[in-house]
Structures are given as structure tokens and as C-alpha cells.
Amino acid sequence: MKYVIGDIHANVRELERLLGILSLQKGDSLIFLGDYINKLPDTRETLSLLSALKDEYACTFIKGNHEFVWDRYLNGKETTRQEFLLRYGGKEALHEYGEDATKALENNNISAITHYLQPYLDLMQEMKDWLIVDEYIALHAGLSADQYAESPLIFREENYFLRPKHIPVQKKYLGRFVLVAGHTHLAEEPTVFPGYINIDLGAGYGKYLGAYAIEKRMVIRSDGKTFPFIPS
Ligand SMILES: [Mn+2]
């Protein structure tokens, strides 16, 4: 089975709960939609669980806007990205490393933060911007109208950040691929259109984590509730 898994934001409890429900088999594939950390404080445990999953299953890690910003900040030394990180959970991500770590973000001490977040940066090395799988394109946020006929897709910064109101949700990419995305927490249930499925079920806000089971054509929520993919 192939599963696309929504935004985790260090909610390792919901990730464990979801994995328990999926009861994975050898040969299963996991496609994570990005935003692995920030907002909730269990950075280390989340990263080590993801790394363990990578050893057991075929995993694809899609890059979210939070990875994009950390990458530009730590690897690209773009200190203007600090504002986003301070605002959207970067301090929470560093909390368990102690006061020096959160201070390092306040002081733009990039080398210190790089040290703390090394496992995150290692994982980032293998991240992709999108993945075509069966009749779907898995990506963090969305595509703009002008990209729906673009092949190969040229990914841009806005594709990590697009909100559903700016995504042509009735259309399919190249006329045949449905977007499976996270990024915007709309509801505790998936939001479904003919060309767009949103599975950010709010793990970053202490709510649920969702997985889209491709062969079953249904979203499985971390409490066990399921939602068939029936486009509105
Ligand atoms: Mn996001």
C-alpha cells in the first residue's frame, strides 16, 4: 500500500497513533508531505521516528514551507527568514535543546542552530519538492493556475506556501493528476475537490494526522476514522 501522510509539526504522538492504525507491511510506501517540525516541541523524537521508518519502508520526504525556510536560513544564511521562524514555531522546535538553543534563534546564531538541528538538515538532503504517484501529485501546498500544463513542473517558492483559495481545485495537473496536499489546516476532516485533496488535519494544532491510502482511495485519520475520496 501507498500512503501520503500530512503535516506532522512534531506531533509524534499522532504520528505513532496513525502508524498503529495503518499496520504497515513490508513493501509499503510512505510519502510525507512536509512540515516535520516547528509548532510542537518533540523535534528529536519526531526526527528519530522518521529516520526509523526510512529504514523499514520506502519513504519519500516532500519539502514543506518550514523546511524551505529553515534551509534558506541555515544553509543559505538568509537571516531575514528569522522572522518567520520566530513567528511560526521555530523556538518551540528548539525548546528541548535548552535555553541556549532558543537564544541562538533570537540572536541569529546560525552555526549553533545548525549543530542542534543536524538530523533535520540530514533528512532535508533527501527531500523532494513533489512526487507523482499513480494518478496523484503529492506536494506540500499547491500549484498556481499557470503551472497546470507545465511539464516538467518548475517548482517555485510560492508552491510551498499557496493557500487553497489560490489553487484551481477543480482542475487536474496535466489534465490527469489530482493534488494531494497539506499546508493549510481547513478542518478535522479532509477537504476534497475533483483536483485537490487536503489532508492537513491539524496535527500542528494538537488535532489529527491524516494519511491518504492511495489504493483504498480513502483518508485514514489518526483516530481511526476513514473518509472515502469522493470529489465534490
Ligand atoms: Mn506548511
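**View 1. The largest nonpolar core of the predicted model.** Among the 64 residues that make up this core, those touching the most other members are Val 4, Ile 5, Ala 138, Leu 179, Val 180 and Tyr 212. The element that gives the most to the core is helix 3, spanning residues 65–75, which supplies five residues.

**View 2. The surroundings of Val 4.** Leaving aside residues up to four places away in sequence, Val 4 touches Ile 31, Leu 33, Ala 138, Val 180, Ile 199, Ala 211, Tyr 212 and Ile 214. Of these contacts, Ala 138, Val 180 and Tyr 212 are also listed with Val 4 among the core residues that touch the most other members.

**View 3. Helix 1 and its packing partners.** In helix 1, which covers residues 12–22, the buried residues are Val 12, Glu 14, Leu 15 and Leu 18. Because these residues cover an arc of only 155° around the axis, they lie on the same side of helix 1. The buried residues of helix 1 pack against helix 2 (43–56) and against strand 9 (210–213). Just after helix 1, Ser 23 adopts a positive phi of about 35°.

Conventions: Residues are numbered from 1 along each chain as its sequence is written. This is a predicted model: local features need pLDDT of at least 70, side-chain atom pairs count only at pLDDT 80 or more; totals for chains, interfaces and linings use all residues. A nonpolar core is a set of buried Ala, Val, Leu, Ile, Met, Phe, Trp, Tyr and Cys residues joined through C-beta atoms within 7 Å. A residue is buried if 20 or more other C-beta atoms lie within 10 Å of its own, exposed if 12 or fewer, and partly exposed in between; C-beta atoms are placed from the backbone. Helices (H or I, at least four residues) and strands (E, at least two) are DSSP runs, numbered from the N terminus. Two residues are in contact if their C-beta atoms, placed from the backbone, lie within 7 Å. The arc is that of the directions from the helix axis to the C-beta atoms.
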